[in-house]
Amino acid sequence: LLFLSALLSGCGVSLRSMIATPAPTTLPTPIWDFYELLSQAATQAPFTLLVPDEAKLPFAIGHTGLDFIPGSKAQPFVVTQSYRVRGSLIRITQTSQSGQIPAKAVEQTTVRGVVGYWVVLNVGERVLYWEENNSSLTIGGHPPASSGGGPGGEGSFILAGSFVPYGAVESSTFPPV
């Protein structure tokens with residue numbers, strides 16, 4: 001340890017600064033893991049899992065992560081897909097919990113033919129919320145103001161309009177169930 005400290009001090013790096021450096025944020029889910037998790041979530045979910053059909057989008061999206069929490073009596077089933085759109089992270093969350101108007105709803109709108117809501121979170125993030133297929137869906141994220149097509153505006157509607165059931169999109173985009 002002393003040798004390492006001496007070696008690093010010669011490079012202008014102290015052992016203390018190395019130890020105090022925070023760990024990097026979560027790395028993106030490798031694409032093969034993303035597809036595997038997506039397939040598992042689709043077969044276990046108590047609702048039809050919806051995914052964006054990239055062929056219907058006027059902007060490119062990149063897969064960055066997917067998490068799902070199997071439901072229980074005390075907790076709903078939750079699937080969260082993460083994508084990059086023009087350098088910004090967006091999240092699509094679908095959950096088995098439905099039937100509740102969000103407490104922080106600030107505006108009512110129509111999403112995919114049903115009543116939806118704009119919700120403003122404590123962090124200032126604007127989220128689009130609606131219910132479909134016995135599930136609740138949200139699209140949220142922090143796109144740059146210049147993105148135009150990202151969540152928080154018209155881009156959220158475009159993204160929501162591209163949703164199709166998992167397995168209904170081309171196999172080049174998402175492998176079939």
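1. Two strands count as paired if DSSP finds at least two bridges between them. With that in hand, the sheet can be read. The model is predicted.

2. Seven strands form an open sheet, in the order 2-3-4-8-7-6-5. The pairing is antiparallel. Strand 2 (61-69) and strand 5 (105-111) are the edge strands, and each pairs on one side only. On average, neighbouring strands of this sheet are turned by 20 degrees against each other, direction ignored.

3. Next, helix 4 (residues 154-161). Helix 4 packs on the sheet. Helix 4 touches strand 4 (88-95), strand 5, strand 6, strand 7 and strand 8 (135-141). The direction of helix 4 makes about 45 degrees with that of strand 5.

4. Strand 6 (residues 114-120) pairs with strand 7 (residues 126-132) in the antiparallel sense, over five bridges. Trp118 stands opposite Leu128 in strand 7.

5. Now the whole chain. The protein chain has four helices and nine strands. Along the sequence, the pattern is α-α-α-β-β-β-β-β-β-β-β-α-β.

6. Among contacts in the protein chain with a separation of 6 or more, 53% are accounted for by residues 24 or more positions apart. Of the 177 residues in the protein chain, 40% are buried.

7. Last, the surface. The accessible surface of the protein chain comes to about 9900 Å². Carbon and sulfur atoms hold 57% of that surface.

Terms used
Residues numbered from 1 in each chain as written. Predicted model: local features only at pLDDT ≥ 70, side-chain atom pairs only at ≥ 80, totals over all residues. Heavy atoms only, no water. Helix = DSSP H or I, 4+ residues; strand = E, 2+ residues; numbered from the N terminus. Buried < 20%, exposed > 50% of the residue type's maximum accessible area, 1.4 Å probe, protein only. Contact = heavy atoms within 4.5 Å. Areas by Shrake-Rupley, 256 points an atom, 1.4 Å probe, with all protein chains shown as cover. Axes fitted to C-alpha atoms, helices over the stretch in contact; angles between N-to-C directions.
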